[in-house]
Amino acid sequence: LPECLTSGFWPHTFDGLVLGSIYAMIALGYTLVYGVLQLINFAHSEVFMVGSFFGVYTLVFGVEKLGVDVPSSGPVLWLVLLAALVAAMLASGMLAVGLERIAYRPLRRRGAPRLAFLITAIGASLFLSNLWLVRIPIIDVTLGGAGPVFFPDVLEKQRIMTIFSYGVSNTALMIVVTMIVMYVLLDRFVTTTRIGKGIRAVAQDPETAAMMGVDINRVITITFLTGGILAGAAGMLYGLHFGQAQFNIGFIPGIKAFTAAVLGGIGNVRGALLGGILLGLIENLGVTCLATHWQDVISFLVLVGVLMFRPTGILGERVRA
Amino acid sequence: VRKRLFAGLALSLALVLVAGACSSKKEPGSNASKPTLTLTYMGALTGDLAQLVIPGRNAAELAIEQQNAKGDLPVVLKLDPQNTGADKNKAATIAQGLKDKLDLLAVLGPAFSGESQTTGAVLDPAGILRVTGSATNPPLADNKWKYWFRGLGNDTSQGGAVDDVILKVLKKKSIYIGHDKTQYGEGLATIVRDNLKAAGGTVVGFEAQDPGKKDYSPLTSKVTAAKSDVFYWGGYSPELILITKSLREKGYKGTIMGADGSKDDSYLKGAGAAAQGAYLTCPCADPNVSTESTTKAFVTAFKAKYTAEPGIYAAEYYDMVGLIADAIRKVGATGDISTAAGMKVYRDKIRDAIASTSYQGISKKFGFQPNGELVASAVETYLYQVEGGKYKTLGKVTDIAK
């Protein structure tokens, strides 16, 4: 075996798992919405971005107004981090619901063509990322600004374990664990609850579902909310991991997660998970022995390859949890 | 109607006379009747890289204020900040607007190398003078531009100092190099690689990275696994912040090194404790530690005006304004600058005065080669180390690498 592979395999695998978990959490949102509406919600990357900002707002508020130590430890630390995570999830979830109400529902009522939805989604995405970029007149507030907004070091980043000489940081572990917990909860939600059944019914056949008494609007709202909550958690953890939030932080993960959702089979919940993790691993393992700027070339080659032989993605389309 | 017109004329005549009488009463050296000329400061005034550019802008503003207050210039200078957003294409568009601007005397900057290249193609044929206090990419001087001067050492000298630092000061041997594919970053990284190889060091890796990402873990995993003595970054601070944090998190034990493009306040703030011990080079001296009286006066005035220490390139742009003001004094009478042809003659005179200058600024004594580069005696590379969230000056590389 070449030296680069023996020394690099495990580190790149772990990097891939961490990044893949983020992709998976975002991809679930794309896939859920696509499942019920056959719509690619391109503003989803901004839902993610808002999550990372609400994470930073909460932590800054904790440090400046409540006197939380930097770095802090024990129950205070866990409480602050949990508060930041919940705030991010709520904000992103509400934003996703708001987007559906303002940007998509009016179009749905009028039976607008697919293209109108797509353009509206892109418009909403640009609007939101720019809203966090500019100074808003009248109230004279900047939500984010052009440069990165740094997370206060409430959580001291440290290696908490070493696996195959690879230092795993606390935030990296947090990302993977949160992803697993969120996925299990989502899976239970979609397969066992009433509203989950509704989501699956709408995904399979909206008209019949409506005739059987499923409230389509409610199902769609819940779907956006769920996707938003997942993206919010991902955004907060991504920001915490890299220590910053920025108006354009969602762009690259958003595109990658969309790719992951297509790779796994868009509309398919398990496919999104699989696609996310797979894409993260491919991106990182692919450059173990190559220069790192081949990263995107390799991952998109894999995507093209998969779509050539399996146009519906690895696990196929549609919500079938 | 006619009566009213006459009354109006008489009134305005009277006003002119009064105004004339007033101005003639003023001290010699009053600025009231002098033509106003602009100095356009071009750079990324917002965004990730603004911390590299704003100190220079502020210093230029301060210098212009001070030069005007002296009252002995035949013109009044005015600062016109232009935000390029570090986008070289946007800079070229701004340059298109500048080239026919009649009251434009010179451009301070552009701040970065990429935008210096794109704007040069527009402004040099138009005979617009550019004096940069921060763009360090060496091939800029190969453009045979007549109206371009670089007020600090280029990356050939800065990159040439890096192997001295690694081999002689740190006494390390192997290096892993990353760069951001920009004209500045890739250029510098290539110079460092070639010099280090020639000087007997080992280059373990040389990798290009897309700027603007958050995740550089493939690179940092490789660097950590390769166990090189030094990681060197050719590029700007936003990426080095993320790389520094990621390297330390993964347990990289080696030395982290960067250059002037990373030596701004945001690197200290963003990388925090992870930046501790990192080395940075810069073809710029830190005015805050100077013992010269003129430099101290500058630092005091800067702090009073902006309630912050002068950051990177502040002294350089303060000097760029001083250099131009010195040329204006040498040229003396402006001649008729109300027409494009007259302004061109005046700009050419200023350009010639700078080309043959021996101006003593606060950062160095200026003197230029025919290609716009500083004379060798004016070029120095300084070494800094991050200590407790601040840049500590270790001195000139030529002194400490003996």
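**Interface of chain B and chain A**

The model is predicted. In it, 27 residues of chain B are in contact with 32 residues of chain A. The size of an interface is often given as the accessible area lost when the parts come together. Here the area buried between chain B and chain A is about 2300 Å². Carbon and sulfur atoms give 53% of that area.

The rule finds one salt bridge across the interface of chain B and chain A. The partners are K250(B) and D15(A). Their closest N and O atoms are 3.1 Å apart. Polar contacts also cross the interface of chain B and chain A: eleven residue pairs, both residues at pLDDT 80 or more.

Which elements give two or more residues to the side of chain B that touches chain A? They are β7 (202–208), α7 (217–226), α8 (237–249) and α9 (265–271) of chain B. The largest share comes from α7(B), with six residues. By class, this side of chain B has 13 charged, eight polar and six nonpolar residues.

**A helix pair in chain A**

Helix α6 (residues 194–204) and helix α8 (residues 216–242), both of chain A, have axes that come within 9 Å. The axes cross at roughly 105°. An angle of 65 to 115 degrees counts as roughly perpendicular, so α6(A) and α8(A) are roughly perpendicular to each other.

On the α6(A) side, the contact is made by I195(A), G198(A), I199(A) and V202(A). On the α8(A) side, I216(A), R218(A), V219(A), I222(A) and T223(A) take part. The residues of this contact of α6(A) with α8(A) divide into six nonpolar, two polar and one charged.

**Backbone details**

Most residues other than glycine have a negative phi, and most peptide bonds are trans. Two cis peptide bonds are listed here.

| Peptide bond | Omega | Location of the proline |
|---|---|---|
| V70(A) to P71(A), cis | near -10° | P71(A), loop between α2 (44–65) and α3 (74–109) of chain A |
| G109(B) to P110(B), cis | near -10° | P110(B), loop between β3 (104–108) and α4 (113–123) of chain B |

Where does K171(B) lie? K171(B) is in the loop between α5 (155–169) and β6 (174–179) of chain B. Phi of K171(B) is near 55°, a positive value in a residue other than glycine.

Terms used
Residues numbered from 1 in each chain as written. Chains lettered and ligands numbered in written order. Predicted model: local features only at pLDDT ≥ 70, side-chain atom pairs only at ≥ 80, totals over all residues. Heavy atoms only, no water. Contact = heavy atoms within 4.5 Å. Buried area = accessible area lost by both parts, 1.4 Å probe. Salt bridge = Lys/Arg side-chain N within 4 Å of Asp/Glu carboxyl O. Polar contact = N/O pair within 3.5 Å; in protein donor to acceptor, adjacent residues only side chain to side chain. Helix = DSSP H or I, 4+ residues; strand = E, 2+ residues; numbered from the N terminus. Nonpolar A, V, L, I, M, F, W, Y, C, P; charged D, E, K, R; others polar. Axes fitted to C-alpha atoms, helices over the stretch in contact; angles between N-to-C directions. Parallel < 35°, antiparallel > 145°, perpendicular 65-115°, else oblique.
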